[in-house]
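Student: Please show me how to read the features of this model, beginning with a single side chain.

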Amino acid sequence: MSGMALGYVLGAKAGRERYEQIVAKARQVTQNPTVRNTAETAAQQGRQVAGKAYHTVSDRMPDSVSQRVKSVRGSRSGSNGQSGTDDWGTGTV
């Protein structure tokens with residue numbers, strides 16, 4: 001029984017240390033300016049493509065769908081009508 005307890009304690013400690021290493025590395029990567037700029041660029045391009053696609057098909061959508069899309073897009077804007085920021089620091093539509 002004591003051998004199992006010792007194994008559990010040692011395994012849990014190693015697991016926690018490894019977890020902390022992974023978390024620290026993930027924070028380091030997400031704080032890297034190059035990574036942040038690349039993520040923002042990709043997000044902006046995605047929003048542009050989605051906007052173009054919406055405008056292309058919006059005249060073919062039923063009014064009920066079009067109104068729903070407009071309400072969802074409006075709810076994601078800030079109170080001043082400006083786009084907000086999500087958890088990654090990128091803007092939202």
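**Reading the model**

Tutor: Arg47 is partly exposed, at a relative accessible area of 24%; buried means under 20%, exposed over 50% and partly exposed in between, with a 1.4 Å probe and protein chains only. This is a predicted model, in which local features need pLDDT of at least 70, side-chain atom pairs count only at pLDDT 80 or more, and totals for chains, interfaces and linings use all residues. Residues are numbered from 1 along each chain as its sequence is written, and side-chain values use heavy atoms, leaving out hydrogens and water.

Student: With which residue does Arg47 form a salt bridge?

Tutor: Side chains of opposite charge can pair when their charged atoms come close. A salt bridge is a side-chain nitrogen of Lys or Arg within 4 Å of a carboxyl oxygen of Asp or Glu. Here Arg47 pairs with Glu40, their closest N and O atoms lying 3.4 Å apart. A search of the whole structure finds one salt bridge.

Student: How many helices and strands does the protein chain have?

Tutor: Helices (H or I, at least four residues) and strands (E, at least two) are DSSP runs, numbered from the N terminus. The protein chain has three helices and zero strands, in the pattern α-α-α along the sequence.

Student: How should low values be read?

Tutor: Where pLDDT is low, the predicted coordinates should not be read in detail. Over residues 78-82, pLDDT stays under 50.

Technical notes
pLDDT is the predictor's confidence in each residue, from 0 to 100. Contact means heavy atoms within 4.5 Å.
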